[in-house]
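Take a look at the model below. Let's walk through how its parts pack together.

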Amino acid sequence: TSFDHMEVVNSPDLHDWEEFKVYPERLLEWQVRNASAGVILDYGPYDVKTNAGDTEGMGSVQPEDFEEELFEPNLAQSVTNAERMYDRWKDIGASGFKLYNVSQGIVPFEFENRHPLYYIREWYEQIDRVGSFDGWGIGTGSNNIAKHALNLAFIAENIDEDHLHFFGTS
């Protein structure tokens, strides 16, 4: 597709989820042209189709939406996307543009098999191996102070960056 054929839709109901194709390199190029900073394209450990009718958008994804069976495949796709975007970012030499990696903090607080910190740490470690980014975008998706505290504790111990952005936080 080309930019001439793109259409912005204001409702998830109007989006064709089955034909959804995103090219990480093109997304990076768009961000470079239109912003001073951007993030990698990640697929969090939840099914976006489940929330397709949610008019609040992806910012409303909550830890209860976490699906363990999607964790590994979505993480693998996110690593691939991060690699592609990182390589393109280096190729085009976008000076002045800051590219942030994304760490998923949207995890279940009540757990059966693994502690929530396992998912946060695994996501961070896999994505961090891609390269040296300018900062991190942190997906927390919750207004629960205990869930934020878990993410903040992880950040304090593991992420030494000047630039952090928290998604889905109000």
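Start at Ile159, which touches Tyr124, Trp136, Ile138, Phe154 and Leu164, leaving aside residues up to four places away in sequence; a contact here means heavy atoms within 4.5 Å. This is a predicted model, so local features need pLDDT of at least 70 and side-chain atom pairs count only at pLDDT 80 or more, while totals for chains, interfaces and linings use all residues. Residues are numbered from 1 along each chain as its sequence is written, and side-chain values use heavy atoms, with hydrogens and water left out.

(Rings of Phe, Tyr and Trp, taking the six-membered ring of Trp, pair if their centres lie within 6.5 Å; planes under 30 degrees apart are stacked, over 60 edge-to-face, and the rest tilted.) Tyr124 sits in helix H3 (residues 116-128) and Trp136 in strand E3 (residues 135-139), so the pair ties together parts that are 12 residues apart in sequence. Helices (H or I, at least four residues) and strands (E, at least two) are DSSP runs, numbered from the N terminus. Buried means under 20% relative accessible area, exposed over 50%, and partly exposed in between, with a 1.4 Å probe and protein chains only.

Now zoom out to the core. The largest nonpolar core has 27 residues, and Ile40, Trp89, Ile127 and Ile159 have the most contacts inside it. Such a core is a set of buried Ala, Val, Leu, Ile, Met, Phe, Trp, Tyr and Cys residues joined through side-chain atoms within 4.5 Å. Helix H2 (68-92), strand E2 (98-104), H3, E3 and helix H4 (145-158) each give it two or more residues, and H2 supplies the largest share, 7 residues.

What about H3 itself? Its buried residues are Pro116, Tyr119, Ile120, Glu122, Trp123, Tyr124 and Ile127. Tyr119 and Trp123 turn up again in a cluster, linked by ring pairs with Phe71 and Tyr118.

And the chain as a whole? It has 4 helices and 4 strands, running α-β-α-β-α-β-α-β from the N terminus on. Of its 170 residues, 38% count as buried. Among contacts with a separation of 6 or more, 79% come from residues 24 or more positions apart.
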